[in-house]
Amino acid sequence: MTLEVIYVTRHGFRSNWLVDHTNGSYSSTLRSPTGIAADPALTAHGVDQAKELGQRLVAVDPPIERVYSSLYYRCLQTVEPFVRAVSTSPSSLPEEAKEGTRHCQRQLRVRGETGIGEWYGSAPFEHPVPASLATLEFHFPCLLDRDYQPAVVPTRMGESVDELHDRLAVTLERLIAECDRDGIRAVLLCSHAAPIIALGRVLTGNMPENIEVEDFRAFTCGLSVFRRRKGASSRAVGSRTASMTAGASRTQTVANRSISSGVDNTSNILGITPGMAKQTPKAGTGDLQDAESDPRQQGLHAPVVWRGGRGVKGGWDCELNSDCSHLSQGEERGWRFAGDESFKDVPNKSILDAGISLGVVVEGNNESGKSRGKSSTGGSRL
């Protein structure tokens, strides 16, 4: 069995933070549970959204058999209600949800994937990373798969829009191959606004000439569904051996701009003989540091061809585009690109509001339906 359906959701409504582009200093009014300013918790409304999303996810068909999530606190908070529900005896679930969870693992664990993590615009300073797995385990006991190794670790110096799309292409190719190998039929990805938009483009192969086009939507706790095109799975299986022979590493940076940080079991990830490589900290956590000096991770980037309608792994069709029919308040706090959004060329304004000044906020169907916000710089912070 190969992967058939990819469910995608964005984290719920969250609190905000500020960034000083002159020195890369992040700050917030409300203290984050992890102590990282750019890692806020969901608001009370966001928690309600996550619960409503969870109720919908337990009833989807085909049922979700695996969960990959950004390691930022708000994303883990968003998937937690669903994961806890399907890890509970079906007898405790609503009748309509029992049938949909019959194939789910009783103890489903979230695979923390930095490759679908937040997007930060290119900058002359280092951006934040998620908290350590130890810290996250304290806040979310028994939720994370501590043995999982992320497929991609983004550069801490930020990315251009093109590099973001390349990062998502590499990540998705690896995650889909992993699910194909393990016989997973349906998977859930929880991410952020900009990566979700890029994800839709990479899966379908449809990249607009103008990156600011509102094609794939990203409302808080909205649900998108991508189904594999007919015949795509057989083509993917046929190309799997060739892809593995090419020697592409699971852990890599994108666009040759930076080198991924160390992870446990590096020898296995990099294809080095076990026992020959030095063991390094887990990826995707606060332990992530720059590792450009590691020669084993130089030049590992292999571009994934996905544009022109091709899509990764044979291509996918979008059946739902950030649907919010399960949310009592409907569509809220959407987002779209506003230029390349680099920190390297910013207005004469030292402090940027990460929730309003960066990108363009799309209100959804509860307001006027029009976009608001200022075109600015710095990348997705929503």
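Strand 4 (residues 66–69) and strand 6 (residues 186–191) run parallel and are joined by four bridges; strands here are DSSP E runs of at least two residues, and helices H or I runs of at least four, numbered from the N terminus. Within this pair, Arg66 stands opposite Val187 of strand 6. The model is predicted, with local features requiring pLDDT of at least 70 and side-chain atom pairs pLDDT 80 or more, while totals for chains, interfaces and linings use all residues. Residues are numbered from 1 along each chain as its sequence is written, and side-chain values use heavy atoms, without hydrogens or water.

An open sheet of six strands shows mixed pairing in the order 5-4-6-1-7-8, two strands being paired if DSSP finds at least two bridges between them. Strand 5 (110–112) and strand 8 form the edges, each pairing on one side only. Helix 2 (residues 73–86) lies across strands 1 (5–10), 4, 5 and 6, and runs at about 150 degrees to strand 6. Angles run from 0 to 180 degrees between N-to-C directions of axes fitted to C-alpha atoms, for helices over the stretch in contact.

His326 is located in the loop between strand 8 (316–323) and strand 9 (334–336). His326 is buried, at 14% relative accessible area (buried, under 20%; exposed, over 50%; partly exposed, in between; 1.4 Å probe, protein chains only). Beyond neighbours within four places in sequence, the contacts of His326 include Glu52, Leu53 and Gly222 (heavy atoms within 4.5 Å). The His326 side chain also reaches the backbone oxygen of Cys221 at 2.9 Å.

Definitions and conventions:
Polar contact = N/O pair within 3.5 Å; in protein donor to acceptor, adjacent residues only side chain to side chain.
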